[in-house]
Amino acid sequence: MAKLNQPTTSGRSTSRKRKTGRRSPLATFALIAIGLGLTGGVYAAANATPSASADTASSTQQQVSDGEHLFQANCASCHGMNAVGTAAAPSLIGVGAAAVDFQVGTGRMPMAMDGPQAEEKTPQFTDAQTKELAAYVASLAPGPAIPDAQYLTGNTDAAAGAQLFRINCAMCHNVAGAGGALTEGKFAPPLKGVTPAHIYEAMLTGPQNMPVFNDRNITPEQKSDIISYLTYLEKNPSPGGFALGDLGPVAEGLFLWIFGLGSIVGLAVWITAKSN
Amino acid sequence: MTTETAIAETPRIKRDGFFGQAANYLDERTSISGVVKEFGRKIFPDHWSFLLGEVALYSFIVILLTGTFLTFFFQASMAEVVYNGAWVPLKGIQMSAALDSTLHISFDIRGGLLMRQIHHWAALLFVASIGLHMLRIFFTGAFRKPRELNWVIGFTLFVLAMAEGFTGYSLPDDLLSGNGLRIISGMIEGIPLVGTWINFLLFGGAYPGTAIVGRLYTLHILLLPAFVLAFIALHLVFVVVHKHTQFAGAGRTQQNVVGYPILPVYAGKAGGFFFIVFGVIVLMASLFTINPVWEYGPYDPSPISAGTQPDWYIGFADGMLRLMPPHLETYWFHRTWSWFIIIPLVILVVFIVLVAIYPFIEAWVTGDKREHHILDRPRNAATRTAIGAAGVTFYAAMWAAASGDLIATHFKFSIEGVTHTIQTALIVGPIIAYFVTKRVCIALQKKDRAIALHGYESGRIVRLPGGEFIEVHQPVDEYQRWELVSNEGYAPLVVRPDSRGRITAGTRFRAAMSRWFFEDRLAPLTQTEIEAAQHHGHGDAPAVEGGSH
Ligand code: HEC
Ligand code: HEC
Ligand code: HEM
C-alpha cells in the first residue's frame with residue numbers, strides 16, 4: 001500500500017511543481033477531503049455488511065412472517081401471492097435470499113416501470129426490511145444465501161481478481177468497470193459504488209441479462225478476489241489525474257476537441273486580435 | 001542587422017558583445033545572413049485560423065521531445081515477464097515486456113507518467129489540429145493553384161499522423177490496444193485472396209505472434225517520424241515559396257501579402273505561441289488521465305472489453321465497420337468473400353482518395369487556371385462549401401458510429417436504434433447538409449450584396465417632407481465594401497469543339513459538372529452597379545445622411 005502511493009506522487013510531482021503557486025492549497029484540501037470521504041464511505045459500507053449478514057444467518061420466524069407481510073403488500077401484485085410468479089413476473093421459488101437482497105437492496109425491486117431492464121433506484125426498504133423479505137423468500141425453497149462476511153473484506157488478492165474480471169466480466173462491464181451496452185436497450189451498469197455484498201450476490205444470482213457465476217464456476221475465494229479488485233479501483237483514484245469517467249478514448253477525444261483544441265483556438269484568436 | 005551588401009560592410013557591424021561577434025563569425029563562414037534575410041522578410045498575415053498549422057507543428061515538437069524520453073525506458077518486446085512493480089492489481093501477472101516497461105515508466109520513472117500523458121495528449125492534439133487546419137484550407141479555397149500539391153502533402157501528413165498514432169497506442173500491448181490490433185488484423189484478413197497472407201507477413205505468423213510490437217516500434221519511432229519530418233519540411237518550403245494566402249481586404253491583392261515580417265514580429269509571436277500550446281498540453285497531461293494501461297491490463301486474445309474504441313482519429317474507420325449490416329458474406333470460388341469488410345474498406349479508401357485529390361477535381365470542373373492568393377470567404381464559394389459540409393457530415397456519421405454503444409448507454413437508447421439512425425444519417429445526412437449549406441451560403445451572399453449596395457438597416461425610421469416613411473440605411477465604409485464585393489468572377493465552362501471540331505462526351509460531362517458547380521451563383525457586382533447604388537442611397541435619405549460623405 002505504502003509502495004503504491006509513491007508512484008502516485010512521483011508521477012504528479014513534476015506537474016505540481018510547475019504550478020505550485022496557483023493551485024496547491026485548495027487542491028490539496030479538496031484531495032484530502034475526497035480521499036477521506038472515499039475511505040470513510042468504503043469503511044462504513046464494509047462495516048455495515050457483516051452485521052447485516054449476521055442477521056440473516058440467524059433469520060428468525062419473526063423475520064419470515066414480517067417478510068411475508070411486506071411481500072404480500074409490495075411484491076405479490078407481480079410475483080403472485082406465494083411468489084409463484086404471474087404473467088408479469090417470474091416465480092421467486094428457489095431464487096434465494098441473495099437474489100432478493102440484491103434486487104431490493106439496489107432498488108431494482110419493486111420494479112417501477114416497464115423498460116428494457118429493471119433499473120436501480122434509491123432502495124424503497126430499509127436494510128432490516130430487505131432482510132425480512134429475503135428471509136421470507138429463502139423460507140419458500142432453498143437457494144443461494146446472502147454471502148458470508150469473510151468474502152467481502154476487499155483485501156484479498158486484487159491481481160487475481162483483476163485477471164478474473166478481465167476474462168469473465170469485461171466483455172459486458174468494460175475492463176475498467178465503466179459499464180457497457182447490450183442489445184435492445186439493455187446494458188451492463190458501471191460498477192462504481194456497488195457494495196461488496198451486492199457484487200457477490202450479482203455474480204451468484206445473475207440478475208436479468210447477467211449470467212450466473214455459481215461457486216463451481218468462480219469459487220467464493222475468487223469472487224472475493226474480484227471484489228477486492230473493484231474495491232481497489234474505487235479506493236485508489238487514477239494515478240494519472242481525473243479519469244474522465246473511465247470511458248477511454250471516446251471521452252479523451254471529446255475532451256481534447258472541446259477543451260484542448262477549444263482553448264487553443266481561443267488563445268489563437270486572442271493572440272492575433274492583440275496585435276490589431 | 002545585415003543589409004544587401006553584407007559582406008562588404010562587415011567591418012561596420014558592431015563587434016562588441018558576444019552575440020555580435022558570434023553572429024559575425026558564423027556569417028563570414030556560412031553566409032547565413034542571406035537565408036535569414038530572405039526568410040525573415042517573409043510576411044505572415046494575421047488571422048487566428050492561420051495558426052492552426054502551427055499548432056500541429058508545435059504539438060509535433062512536443063511529441064518528439066517526450067517520445068525521445070520514452071524511448072530510453074520503453075522495451076519493444078513481447079517476451080513474457082512477470083510484473084512486480086507498484087500497481088497492486090497487476091502484481092504477479094504475466095505480461096509482455098512492452099507493457100511491463102510501460103507500467104515501469106508510469107509508476108517508477110520520475111516524471112514518466114507525465115511524459116506518457118504529454119506524449120499521448122499531444123498526439124491527440126496533433127491530429128486534431130491537422131484536421132482543423134485542413135478544414136480551414138478547404139473552406140477558404142487555399143488549395144487552389146498554385147497550392148494543389150501542398151494540399152496533397154498536407155493530407156499525406158494527416159494520414160501519416162493517424163498511422164503514427166495507431167502504431168503508438170498499440171505499443172504498450174495492453175488489452176485495449178490489443179483489441180484494436182485484432183480488428184485491424186481481421187480487416188486485413190477480410191481482403192480477398194491476399195488478406196490472409198498479408199496478415200501473416202505483418203504479424204510474422206498467425207495473429208498475434210511475438211513480432212508485432214517490435215515491428216510497430218520500428219515504424220513508430222523510425223520510419224514514420226522520418227516521413228513526417230520530411231513532409232513537414234517540404235510542406236513548409238512550399239509555404240515559403242508560394243507565400244501565405246490572405247483574406248480579401250483593402251490593400252490586399254493577388255500580388256502582395258499584408259501582415260508582419262517573420263523577423264522580428266512574427267517569430268516573437270510564434271515563439272510565444274509555442275509555449276502556449278506546450279502549456280495547454282502539459283496542463284491537460286498533468287490533470288487528466290489518458291490511456292490508463294494499468295486498468296486495461298495485459299493483452300490476451302480471449303478477453304474483449306465492452307466499449308473498446310480506438311483513439312479519436314481512427315474512430316471513423318471503426319465506425320464504418322460498425323455501420324455495416326452483419327452477415328454480408330458470400331462463398332464463391334471456394335473462398336469466403338466478407339463484404340462487411342470489403343465494402344467499408346472500399347468506402348474508406350474512396351473517401352480518403354477523394355479528399356486527397358479534391359483540388360484537382362475542382363480545378364477540372366471549373367477549368368480555372370488562374371493563380372489564387374486571396375482566400376474565398378466560404379459563402380462566396382457556395383458549392384464548394386456545400387460539398388465540404390457534406391463531407392464533414394459523412395465523416396461525423398462514421399465517427400459517431402464508433403461510439404454508438406456509449407451513446408446508447410448514456411442517452412438510454414437501444415444500440416440497434418443508434419446504429420440504424422446513424423446508418424440513415426450516413427446516407428441522408430450529407431445530402432441534407434449539401435442543400436442546406438448551399439442555400440445558406442447564397443442567402444448570405446445576397447445579404448452581403450444588399451449591405452454593400454444599400455448599407456446596414458439602422459432601425460431609424462424617418463418621415464420625409466412628402467409624408468413618406470423610410471428606414472435610414474447606414475452606408476458601409478469603403479474598406480468594408482471592398483471586403484464585401486471583392487469576390488472574383490467565375491463562369492461555368494461552355495461546351496466547345498476540340499481542335500478536330502468534335503464535342504466529346506467527356507467535354508459535355510465536364511461542362512455539365514461546371515454548370516452544376518456554378519449554378520445559382522451571384523455574378524460579382526460591377527463598379528457601375530456599386531456607384532449607382534451609392535447615388536441611389538444618397539437620394540434615399542438626403543436630410544439625414546447628407547453630410548456623411
Ligand atoms: C411491477 C412488477 C414487479 C414488482 C412490484 C416486483 N417485481 Fe420483482 N420482478 C419483476 C420482473 C418483471 C422481474 C424479472 C426481471 C428480469 O429478470 O428481467 C422481477 C425479478 C425479481 C427477482 C429476480 C428473480 C431472479 O430470477 O433472480 C427478484 C428476487 C424479485 N423480483 C424480487 C421482488 C421483490 C422482493 C419485490 C417486492 C419488494 C418485487 N420483486 C416486486 C417484477 C416486479
Ligand atoms: C453478459 C453480460 C454480463 C457479464 C459477463 C457480467 N455481467 Fe454483471 N451485469 C450485467 C447486466 C445486464 C447487469 C444489470 C442487471 C440488472 O440491472 O438487473 C449486471 C449487473 C451487475 C452488477 C450490479 C451493478 C449495480 O449497479 O447494482 C454487478 C455488481 C455485476 N454485474 C458484476 C459482475 C461481475 C463481477 C461479473 C464477472 C464475474 C459480471 N458482472 C459479468 C451483465 C453482465
Ligand atoms: C506524430 C508523431 C507521433 C504520434 C502521433 C505518437 C503517438 C503515440 C501514442 C498515442 C503512444 C501511446 C502512448 C501511451 O498512451 O502509452 C505513443 C507511444 C510511444 N511513442 Fe509516440 N508518437 C509520435 C512520435 C513518436 C516519436 C518521434 C517517438 C520517439 C522518438 C515516439 C516514441 C514513443 C514511445 C517510445 C512510445 C511507447 C511508450 C509508452 O507507450 O509509454 N513517438 N506514441
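By class, the shell around ligand 1 holds 16 nonpolar, seven polar and no charged residues (nonpolar means Ala, Val, Leu, Ile, Met, Phe, Trp, Tyr, Cys and Pro; charged means Asp, Glu, Lys and Arg; the others, Gly among them, are polar). This is a predicted model, where local features need pLDDT of at least 70 and side-chain atom pairs count only at pLDDT 80 or more, while totals for chains, interfaces and linings use all residues. Residues are numbered from 1 along each chain as its sequence is written, with chains lettered from A and ligands numbered from 1 in the order in which they are written.

In total, 23 residues surround ligand 1, and the closest are A:Cys75, A:Cys78, A:Ala89, A:Met109 and A:Pro110 (a residue is near a molecule if its C-beta atom, placed from the backbone, lies within 6 Å of it). Helix H3 (76-79) and helix H4 (96-105) of chain A each supply at least two residues of that shell, and H4(A) has the largest share, with four residues. Helices here are DSSP runs of H or I with at least four residues, strands are E runs with at least two, and both are numbered from the N terminus.

## Ligand 2, also on chain A

Around ligand 2 there are 27 residues, the closest being A:Cys169, A:Cys172, A:Ala202, A:Pro207 and A:Met210. Helix H7 (170-173) and helix H8 (196-205) of chain A each put at least two residues into the shell. The largest share, four residues, is from H8(A). By class, the shell around ligand 2 splits into 17 nonpolar, seven polar and three charged residues.

## Ligand 3, over on chain B

For ligand 3, the shell has 27 residues, with B:Gly67, B:Leu70, B:Ala123, B:Gly168 and B:Asn291 the closest. Two or more residues each come from helix H3 (52-71), H4, H5, helix H6 (148-170) and helix H9 (212-242) of chain B. H3(B) gives the most, seven residues.

## Chain B at a glance

Chain B has 20 helices and ten strands, and its C-alpha atoms fill a box of roughly 95 × 75 × 60 Å along the principal axes. Of its 549 residues, 39% count as buried (20 or more other C-beta atoms within 10 Å of the residue's own; exposed is 12 or fewer, partly exposed is in between, and C-beta atoms are placed from the backbone). Among contacts in chain B with a separation of 6 or more, 72% link residues 24 or more positions apart (contact means C-beta atoms, placed from the backbone, within 7 Å).

## Where the chains meet

The contact takes 64 residues from chain B and 62 residues from chain A. On the chain B side, the elements giving two or more residues include helix H5 (112-139), helix H10 (262-287) and helix H16 (415-454). By class, this side of chain B has 38 nonpolar, 17 polar and nine charged residues.

The largest nonpolar core has 166 residues, of which A:Val137, B:Trp121, B:Phe126 and B:Ile281 touch the most other members. Such a core is a set of buried Ala, Val, Leu, Ile, Met, Phe, Trp, Tyr and Cys residues joined through C-beta atoms within 7 Å. H5(B) gives the largest share of this core, 17 residues. Leaving out residues up to four places away in sequence, A:Val137 touches A:Ala83, A:Leu92, A:Val95, A:Ala97 and A:Val100.

## Some details in chain B

Strand E9 (residues 456-463) and strand E10 (residues 469-474) of chain B run antiparallel and are joined by five bridges (two strands pair if DSSP finds at least two bridges between them). B:Ile461 has B:Glu471 in E10(B) as its bridge partner. The two strands form a hairpin with five residues between them, and B:Gly467 in the turn has a positive phi of about 100 degrees.

H15(B) is mostly covered, with six of its eight residues buried; B:Gly404, B:Asp405, B:Leu406, B:Ile407, B:Ala408 and B:Thr409 are the buried ones. After H15(B) comes B:Lys412, with a positive phi near 55 degrees. B:Ile153, in helix H6 of chain B, counts as partly exposed because 18 other C-beta atoms lie within 10 Å. Beyond its neighbours within four places in sequence, B:Ile153 is in contact with B:Phe231, B:Leu234, B:His235 and B:Phe238.

Methods
Contact = placed C-beta atoms within 7 Å.
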